Amino acid sequence: MSLYFTKEHEWIRVDGDTATIGISDHAQEQLGDIVFAEVPEAGRKVSKGQEAAVVESVKAASDVYAPVSGEVTEGNQAVADDPALVNNDPEGQGWFFKIKLDNPGELDGLMDEAAYREWIKTL
Amino acid sequence: MSREVHNGPTDETQARGTPFSGDPHGGAGVETRQLDTLPLDTWHRSQGARMVPFAGYEMPVQYEGIIAEHLWTRENAGLFDVSHMGQLLIHGRNVDAALESLMPGDFRAAADMKPKYSLLLDESGGIIDDLMATRRGDDFYIVVNGATKHGDIEVMQNRLPGEVVVDYMKEQALLALQGPRAAEVLETIVPGIGQLGFMQGGPFSWQGHNLWISRSGYTGEDGFEISVPGTAVAALADAICAHELAKPIGLGARDSLRLEAGLPLYGHDLGLGTTPVMADLSFAINKRRRADGGFPGAMRILAELQNSPPQKRVGFEIDGRQPVREGALVLDGEGNEVGKITSGGFSPSLQRPIAMGYVATHLAELGTALKLEQRGKLFDARVAPMPFVPHRYHRKGASA
């Protein structure tokens, strides 16, 4: 199992050909209190860079982009029901959706965890 | 993840796309301009504030989190730094009559030390700013919005007669202590403050510093606004926050509190394109001024009072959980655009989205079902009474 991060502050946990996607702790902290989350339905095809989910805090509405292409296998109903889960456990139970990867090669060039945590210090 | 839209905390600097704290890109690519600091700048940072550009200053948007701060203010006492607002002292011969040439308030009959809400108007009745004006003996003490204060001063200086002088009290800081426990907290610091009635002010003293305190605010709760010399404001803020019922509250919660209270925000819900009647602020024009006119845009405003304006500011309750924010369109049953949302967000007290905006007057009746459109998505909404959360202002004689 490996963990990747994007410069758009998504994380991707890859297990075989399935990727679980959420937003980073840094992103939730920047957003502040999250009051709404919309996740994609299973079966939806998403391509890399396309909007796949919505997250809204008291202050702002943001799209969560699909960092890799594939078919959504599950949206996390728990964050839609209780959006504060994204604040409380962003990189764990606060995941947004799972994708069956079309092309694992798209993961190349993404940051690993250490690189991401270093990079956000420079922001 | 990418930010698509944002709103609040509270000011037109935000609407112009100034970077804000929730922007994961840190406002990259947005032009930065020179920001001033307020007397409490260091104090805010030491309290853990997240600072954002606002009205030309760096200001605290939040400390521990907007929802927690919001709920704290509804239950206890929240301390807001509103030193960005403009405090003016206007004086000179016949100052009351002179002010009536700029605003629709009844300044001649204004009682001493009683703050009155009024509006600075342009020649067509559009709102240049909204403000609080208090007669203090021969002078008027006026508090205007931060982002508009320099323009307001210019308008006043240009339009007031030569013998009326506008002093900008830029050495004064301004605090607001708001919430059901505010009087209890402030009484321990400024004894006797509990004697003030709602919308009443007076001079007080604290550790040798002169304070001007009024029982007023912008949250719908009981509370006070405290004008204090900038040199003393950090010590006063420390003294207030030493009380276990008081905490500093940022601009983010200030915005959500005033929205729940149904109070309009200049630059969003009020502007040059809105008149006091459209904005549902006709209470600020009393019988004498309606009869006599004599304020800018009187012809249009009096006609609107008579015949109702084309559009009106109303509240909206929205189905579902998703916030509908400033800029969303209001549509009628046939999909025609009939208005616009000017403020909207998630209500921490009600745990649901609320909004205010303008709608064609024939659709402004309470309960009217309308659609809101935001980013291509439609929301079911109804015209709803404001305030969304009942006001709990202090009534004299009521127990504390």
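A residue is called buried if 20 or more other C-beta atoms lie within 10 Å of its own, exposed if 12 or fewer do, and partly exposed in between, with C-beta atoms placed from the backbone. Ala84(A) is partly exposed, because 15 other C-beta atoms lie within 10 Å. The structure is a predicted model, in which local features need pLDDT of at least 70 and side-chain atom pairs count only at pLDDT 80 or more, while totals for chains, interfaces and linings use all residues. Residues are numbered from 1 along each chain as its sequence is written, and chains are lettered from A, with ligands numbered from 1, in the order in which they are written.

**Chain A**

Helices (H or I, at least four residues) and strands (E, at least two) are DSSP runs, numbered from the N terminus. Ala84(A) sits in the loop between α2 (77–81) and α3 (85–88) of chain A, and although 27 residues separate Ala84(A) from Ser57(A) in sequence, their C-alpha atoms are 9.4 Å apart in space.

Two strands pair if DSSP finds at least two bridges between them.

| Strand pair | Sense | Bridges | Example partners |
|---|---|---|---|
| β1(A) (residues 2–5) and β2(A) (residues 10–15) | antiparallel | four | Ser2(A) and Val14(A) |
| β19(B) (residues 369–374) and β20(B) (residues 377–384) | antiparallel | six | Leu370(B) and Ala381(B) |

β1(A) and β2(A) form a hairpin with four residues between them, and in its turn His9(A) has a positive phi of about 70°.

**Chain B**

Chain B contains 10 helices and 20 strands, and its C-alpha atoms fill a box of roughly 65 × 50 × 50 Å along the principal axes. The radius of gyration is taken over C-alpha atoms, and the globule rule is 2.2 Å times the number of residues to the power 0.38. For 400 residues a compact globule would have a radius of gyration near 21 Å, and chain B, with 21 Å, agrees. Buried residues make up 52% of the 400 residues in chain B.

The strands β15-β18-β17-β16-β19-β20 of chain B form a closed barrel of six strands with antiparallel pairing. Neighbouring strands of this sheet are turned by 40° against each other on average, direction ignored. Axes are lines fitted to C-alpha atoms, for helices over the stretch in contact, and angles run from 0 to 180 degrees between N-to-C directions. Helix α8 (residues 251–260) of chain B lies across β17 (337–347) and β18 (352–360) of chain B, and runs at about 120° to β17(B).

Domain bounds come from an automatic or database domain assignment, which for chain B gives domain 1 (12–81 + 172–260) and domain 2 (310–400). Two residues are in contact if their C-beta atoms, placed from the backbone, lie within 7 Å. The contact between the domains takes 17 residues from domain 1 of chain B and 17 residues from domain 2 of chain B. On the side of domain 1 of chain B that touches domain 2 of chain B, α3(B) gives the most, with four residues.

**The nonpolar core**

A nonpolar core is a set of buried Ala, Val, Leu, Ile, Met, Phe, Trp, Tyr and Cys residues joined through C-beta atoms within 7 Å. The largest one has 134 residues, and Leu372(B) is among the members that touch the most others. Leaving aside its neighbours within four places in sequence, Leu372(B) is in contact with residues including Phe316(B), Ile341(B) and Phe379(B).
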